[in-house]
Structures are given as structure tokens and as C-alpha cells.
Amino acid sequence: MDTSALHNVPRNTGWIEVVCGCMFSGKTEELIRRLRRAQIAQQKVVVFKPKIDTRYSPEHIVSHSEQFLNAKVIEDASEILKLTGDAQVVGIDEGQFFKSNIVGVCNQLADQGKRVIVAGLDQDYKGNPFEPMPQLLAIAEYITKTLAICVVCGNPADRTQRKSDQHERVVVGAKDLYEARCRYCHKPPKE
Ligand code: ZN
């Protein structure tokens, strides 16, 4: 099914959509677009983001192009189950910053009949799979991989180049710290 046009969706069941890609590929923009369309259709929408991501705005999800939606900031995925209430659509941004229990949480929500949309980085700055996104991709019904444009050569880019030599897996930042690169231009840091 074409996930960019989810108008012909199954009825009376939930499902999981994952939007993944590198930084600057438009993941959050795509998440916001889907959630806004659900709101326009009068569906109840709730949005979550991990506490770690406070780049732009503590209580919103914000894309690099500065679109935003109100979001609940949580520390652990288990809080999603308590805070979802009767929402029909559950959006989760920055999925890579949650622990592996987000997999069971998403399955439970979908089993309850909810549409779950998770956006996140599928690779870390070294180009390695960024858990728990691979596990979420495995259980999702619909997967969209967004590509950016390589700042070096202009090819489609699926990797995130860190411009500093910090070696922690999570260093929160935007254009000051990261840029999108293709497979050939991406230079993993030397250990
Ligand atoms: Zn390139």
C-alpha cells in the first residue's frame, strides 16, 4: 500500500506506521502532516515525545522547518498507555530515544484499535541501526523511509554525519552538529 496516501485504511482495527530516515529527511514533517490530516477528519490525536529532545520547544514536536504540534513530554514509553485515553491516533516523535519497551506499547495500542505513527532515526551517527527503530520497523504494517539530500554531492542521503568528534550515541543538536550525507560521503568517526 502507498503509505503516503493512507486514505484507504483498514476499518475496525489498529495498526502501526513507522516513518524513519536520517536527520533533515522530513520525518517529523511527515508525522505532523499525517496527524494534522487526522485532526481535520475530527479524529482524536495525541502526540508524545521523549524528554531528551528539547531542541526547539519543550511541549511541542517541531520539524526543522518549524511546523509544530502540541506534544506530551514523557520519560518512558509506559506512560503512553496511561496518557492516551480515548485518542484514536497516537503520534510518537524521536522514537529512537525510547527504550525497547516501546515495541510492546505500540503493539498494545494497535491491538486496542488505535492508529500508531512513530517517527525516528533508523541509523545512529555511525550508520548503525538505532534501536528500538529496527524492532518497530519489524512490527509495523506500513513503513516510510524518508531521504534527505547529501550536502556534499547532492545524491539522496540516508545517513547522519556528526560534524564534531563527540562519541556519545546521543548528542542532541541540529544543523550546528549534524548534516545529511549519502552512503559514499558519510564518514563514520574513527574510534
Ligand atoms: Zn554524497
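Predicted model: local features only at pLDDT ≥ 70, side-chain atom pairs only at ≥ 80, totals over all residues.
Okay, some ground rules. Local features here need a pLDDT of at least 70, and side-chain atom pairs count only at pLDDT 80 or more, while totals for chains, interfaces and linings use all residues. Residues are numbered from 1 along each chain as its sequence is written, and side-chain values use heavy atoms, with hydrogens and water left out.

So, the overall layout. The chain has 4 helices and 12 strands. Those are DSSP runs numbered from the N terminus, with helices being H or I and at least four residues, and strands being E and at least two. Of the 191 residues, 49% count as buried. Buried is under 20% relative accessible area, exposed is over 50%, and partly exposed is in between, with a 1.4 Å probe and protein chains only. If you take contacts between residues at least 6 apart in sequence, 70% of them join residues at least 24 apart. Contact, by the way, means heavy atoms within 4.5 Å.

Now the zinc. Which residues hold the donors? They are Cys150, Cys153, Cys182 and Cys185, each through SG, at 2.3 to 2.4 Å from the zinc ion. A donor is an N, O or S atom within 2.8 Å of the metal (3.2 Å for Na, K and Ca), and water is not among the atoms, so sites may look incomplete. The donor spacing in sequence reads C-x2-C-x28-C-x2-C. Look at the two ends of that pattern: Cys150 is in the loop between β9 (148–149) and β10 (156–157), and Cys185 is in the segment after β12 (178–181), 35 residues apart. Both Cys150 and Cys185 are buried. The site is tetrahedral, with angles of 101 to 120 degrees among the 4 donor atoms. For four donors, tetrahedral requires all angles to lie between 85 and 135 degrees.

Next, the inside. In the largest nonpolar core there are 23 residues, and Ile80, Ile92, Ile102, Cys106 and Leu136 touch the most other members. Such a core is a set of buried Ala, Val, Leu, Ile, Met, Phe, Trp, Tyr and Cys residues joined through side-chain atoms within 4.5 Å. Helix α3 gives the most to this core, with 6 residues.

Let's stay with α3. Its buried residues are Ile102, Val103, Val105, Cys106, Leu109 and Ala110. Why are they on the same side of α3? Because they cover an arc of only 165 degrees around the axis, where the arc is that of the directions from the helix axis to the C-beta atoms. These buried residues pack against β1, α2 (78–83), β6, β7 and α4. Just after α3, Gly113 takes a positive phi of about 95 degrees.

Phe24 isn't a glycine, yet has a positive phi of about 65 degrees. Phe24 sits between β1 and α1, and at 23% relative accessibility it counts as partly exposed. Glu94 isn't a glycine either, and has a positive phi of about 55 degrees. You'll find Glu94 between β6 and α3. Is Glu94 buried or exposed? At 7% relative accessibility, Glu94 counts as buried. And the peptide bond from Glu131 to Pro132 is cis, with omega near 5 degrees; Pro132 is in the loop between β7 and α4.

That's it from me, thanks!

Terms used. Tetrahedral: all angles 85-135°; square planar, octahedral: opposite > 155°, others 65-115°.
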